Structures are given as structure tokens and as C-alpha cells.
Amino acid sequence: MELLIFSCSPRSESKSNTSSIAHAFKKGFEETPGNKAEIYHLTKRNQWENYKELFKNSKEIIFALPLFVECIPGLMMEFMETLDPKEKLDTNIAFILQGGFPEANQLRTCEKYLEKLPSYLNCNYKGTLLKGNMFSLNLIEKSKEKNLEPFVEMGRVYGKKHCFEKEEVSEFAAPEFFDKKSLTLMKLSSPVSKLAWRYMAKMYDVEGDLKEKPFDKFVNK
Ligand SMILES: Cc1cc2nc3c(=O)[nH]c(=O)nc-3n(C[C@H](O)[C@H](O)[C@H](O)COP(=O)(O)O)c2cc1C
């Protein structure tokens with residue numbers, strides 16, 4: 001099976017978590033003899049004409065994307081809108097959707113949208129692989145390989161089944177919601193996490209107070 005993977009983050013290839021995940025997935029996918037995957041990055045806008053041709057001529061496609069403000073990145077939306085629907089219903093599209101927050105439920109709205117997206121292009125939907133907690137994937141080199149291993153495994157599975165099955169994805173994406181014990185532990189560790197956020201803010205040269213809520217006045221209460 002020949003698989004075309006579009007990596008849809010606007011971040012550069014070397015920094016993008018999506019890109020690292022796509023490469024891990026490809027590794028597992030290609031372990032099945034006869035399977036071959038190619039990854040293309042939407043950040044290379046000067047290649048979009050070629051990418052449109054690749055889309056036109058491929059029958060098996062995966063779009064890998066990060067969750068941005070609860071939905072798909074603008075860059076991906078823009079690219080999708082340049083694509084012409086297929087003439088025949090003979091192309092399969094699946095998605096790999098990952099985000100920063102750990103609970104899988106916050107990826108579900110975007111998943112609903114992705115379920116519909118292939119039909120707009122006259123393609124079949126073959127499922128969405130979901131995973132949260134990916135904020136620090138590329139930031140912590142020590143744990144990167146370990147955190148990517150489940151994606152290698154899902155690449156192996158996809159390489160054989162050619163789709164993402166709902167139940168398997170839910171297991172992979174867990175937790176759907178934090179349980180009570182985790183929530184209590186989080187509350188107890190909140191002073192530590194506040195320190196961690198302050199440290200991150202300093203790294204990004206944030207000068208304001210972290211408790212500041214500049215948009216509060218626009219929210220109806
Ligand atoms: C502008 C922006 C918006 C984001 N919105 C969300 C969000 O709504 N939910 C979430 O879980 N993560 C969110 N994230 C975190 C990213 O999905 C996460 O860090 C992802 O691993 C980034 O992948 P990338 O490096 O390939 O862009 C956001 C990140 C950015 C930069």
C-alpha cells in the first residue's frame with residue numbers, strides 16, 4: 001500500500017510535534033512488506049501545486065494535524081480549500097489529530113468535523129487517531145522516543161488494517177476525562193504547576209501577571 005501523509009502544522013518541520021508523530025507512524029507503517037509512505041509538509045507553500053497533483057493521484061491519504069484553538073489549523077483549512085473533489089469515490093482519507101491538553105474529550109469536536117471532511121472531497125473516511133498531552137513532545141528529548149513509540153505501533157496497525165477503528169482509538173487516546181483521583185492530585189500539585197508555568201512564561205519573555213484576564217470584560221457573566 002502506498003500512503004501519502006500531509007503534515008499540516010504551521011510550525012517548522014524541525015520543531016513540529018505533528019512532523020515527529022508522522023515520521024514515527026511511517027516507521028511502523030512501513031514494517032509491513034509492500035507498504036511505503038511519503039510525508040509532505042504544508043509549510044512548503046511553494047510546493048502546493050505539486051501537492052495538489054499528489055492528492056489527485058493518490059488513493060490512500062492521511063492528514064496529520066495539531067489541534068489549534070479546538071479546531072484544524074488555518075494552514076490546513078486553506079490547503080483543503082484548494083483541492084478539487086475526486087471524480088470517483090475511490091480514495092480513502094484518515095487523520096492523525098493531536099493536541100496539548102491530556103483529556104481526549106477536548107479533541108472530539110474537531111474529530112466530528114474531520115468525519116465529514118472527506119465527503120466534501122468525494123472521498124471515504126477511514127477514521128481519526130486521537131492523542132492529547134503532546135505539548136512537550138519535542139521539548140523533552142529524553143522522553144521523546146518513548147512517547148513516540150505508541151505512534152509507531154499505531155502505524156503498524158494501520159499498515160495492516162488500513163483504517164483507525166473507533167474502539168482502538170479510544171483506548172489509545174485515554175483518558176477521555178480525568179478521574180477524581182487525578183483531579184485531586186492536580187489540585188494538590190497546583191503550586192508546583194504554577195511555578196512551572198511561571199518558568200515557561202519567563203522562557204517566552206512574558207512580562208505581565210499570569211493571573212491577568214485581558215478578555216474577561218468581553219465575557220457575558
Ligand atoms: C495557536 C495554538 C493553539 C492551540 N490550541 C490548542 C487547543 O485548543 N487544544 C489543545 O489541546 N492544544 C492546543 N494547542 C497545542 C498544540 O495542539 C500542541 O502543542 C501540538 O502538539 C502542536 O503540534 P505542532 O508542533 O505540530 O504544531 C495549541 C497550540 C497553539 C500554538
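Buried means under 20% relative accessible area, exposed over 50%, and partly exposed in between (1.4 Å probe, protein chains only). This is a predicted model, where local features need pLDDT of at least 70 and side-chain atom pairs count only at pLDDT 80 or more, while totals for chains, interfaces and linings use all residues. Residues are numbered from 1 along each chain as its sequence is written, and side-chain values use heavy atoms, with hydrogens and water left out.

**Exercise 1. Classify Glu153 and Arg156, then describe how they pair.**

Step 1. Glu153 has 36% relative accessibility, so it counts as partly exposed. Arg156 is partly exposed too, at 23%.

Step 2. The two form a salt bridge (a side-chain nitrogen of Lys or Arg within 4 Å of a carboxyl oxygen of Asp or Glu). Their closest N and O atoms are 2.7 Å apart.

Step 3. Both sit in helix H5, 3 residues apart, about one turn of the helix. Helices (H or I, at least four residues) and strands (E, at least two) are DSSP runs, numbered from the N terminus.

**Exercise 2. Find which residues the salt-bridge network around Arg108 joins.**

Step 1. Start with Arg108 and Glu176. Their side chains meet in a salt bridge (2.8 Å, N to O). Arg108 lies in helix H4 and Glu176 in the loop between H6 and helix H7 (180-188), so the pair ties together parts 68 residues apart in sequence.

Step 2. Take Glu115 next. Glu115 bridges to Lys166, with closest N and O atoms 3.4 Å apart. This pair links helix H4 to helix H6, 51 residues apart.

Step 3. Glu115 is partly exposed at 25%, whereas Lys166 is exposed at 55%.

Step 4. Shared partners join Arg108, Glu111, Lys112, Glu115, Lys166 and Glu176. The whole structure holds 17 salt bridges.

**Exercise 3. Work out how helix H6 is oriented.**

Step 1. List the buried residues. In H6 (residues 166-173) they include Val169, Phe172 and Ala173. They cover an arc of only 90 degrees around the axis (taken from the directions from the helix axis to the C-beta atoms). That puts them on the same side of H6.

Step 2. Look at the opposite face. The face turned away from the buried side carries the exposed residues Glu167 and Glu171.

Step 3. Identify the cover. It includes strand S5 (124-131) and helix H5 (141-161).

Methods. Contact means heavy atoms within 4.5 Å.
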